[in-house]
Amino acid sequence: MDAEENRRLIEKLISGEEKAYILLLEKYHKQLNAYAVTLTHDQSIAQDIVQNVFLKTWKSRKKLNPEFSIRNFLYKCVYNEFLNSYQKNKSVVLLNQKYIEYSHEVAIEMDDNMMSRMMEIVNREIKKLPPKCQKVFILSKKEGLTNSEIAEYLDVSIKTVEAQITKAFRILKNKLGDKYETILMIIFNKRIV
């Protein structure tokens, strides 16, 4: 989104246009949710955080500044909302500050087009994984099932599930190279070894 589109969108939000709010949701919900998952390691908590950010953005829309990037604003809000929820409930996750800050910086630095292109390339490579490996990987990383749920669903051992996920990440890293390690980390919340 260029600066002019950004300014127009924020102005429409400030004036209370619901279509602008819907556009904001459509454009950023998926990305913000993926980012929130990297912070929380929990899909449900991530969804709550993103929902809160969008609700608060709508409620305080009159305070938005059309000169600032709405994308950067939303990412910063997700980060702040995560810190607030973490402080309220310290048992949610152990805070790994360097990892979180790094993910935050990378997410902010990537523009929408770059993130979309990289996600397309990653999804294309996922489709090329061996069938069993692909199925386990998608159930784990896209559907959010636990290893034991996948094992039960596919009637295989947990070790088999773990091996297939590890194999998938190894293949993706080999196919995509080091420059995609960060995007894999952001999207799938896993450091590639």
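Analyst: Helices (H or I, at least four residues) and strands (E, at least two) are DSSP runs, numbered from the N terminus. This is a predicted model: local features need pLDDT of at least 70, side-chain atom pairs count only at pLDDT 80 or more, and totals for chains, interfaces and linings use all residues. Residues are numbered from 1 along each chain as its sequence is written, and side-chain values use heavy atoms, with hydrogens and water left out.

Start with the largest nonpolar core, which has 25 residues. Such a core is a set of buried Ala, Val, Leu, Ile, Met, Phe, Trp, Tyr and Cys residues joined through side-chain atoms within 4.5 Å. Inside this one, the residues with the most contacts are L13, L24, L32, F54, I70, L74 and V78. The biggest giver is α2, with nine residues.

Now zoom in on L74. This residue sits in helix α4. L74 is buried, and its relative accessible area is 0%. (Buried means under 20%, exposed over 50%, partly exposed in between, with a 1.4 Å probe and protein chains only.) Leave aside residues up to four places away in sequence, and L74 touches L24, Y28, L32, V53, F54 and T57. Take Y28 from that list. In sequence, L74 and Y28 are 46 residues apart. In space, their C-alpha atoms are 8.3 Å apart.

F54 is another of the core residues with the most contacts. Its neighbours within four places in sequence are again left out. F54 is then in contact (heavy atoms within 4.5 Å) with Y21, L24, L25, Y28, H29, L32 and L74. So what lies elsewhere? A second, separate core has 15 residues, including V122, C133, V161 and L176.

Next, see how α1 meets α2. Their axes are 7 Å apart, and the packing angle is about 130°. (Axes are lines fitted to C-alpha atoms, for helices over the stretch in contact; angles run from 0 to 180 degrees between N-to-C directions.) The two helices, α1 and α2, are therefore oblique to each other. (Under 35 degrees counts as roughly parallel, over 145 as roughly antiparallel, 65 to 115 as roughly perpendicular, and the rest as oblique.) On the α1 side, the meeting residues are L9, K12 and L13. On the α2 side, they are A20, Y21, L23 and L24.

Compare another pair, α7 (residues 131–142) and α9. Their axes come within 9 Å and cross at roughly 95°. That angle makes α7 roughly perpendicular to α9. From α7, the contact uses K132, C133, V136, F137, S140 and K141. From α9, it uses T160, V161, Q164, I165, K167, A168, F169 and L172.

Finish with two loop residues. H41 lies in the loop between α2 and α3. Its phi is near 65°, a positive value in a residue other than glycine. H41 is partly exposed, with a relative accessible area of 45%. D155 lies in the loop between α8 (147–154) and α9 (158–176). Phi of D155 is near 60°, again positive in a residue other than glycine. D155 is exposed, with a relative accessible area of 70%.
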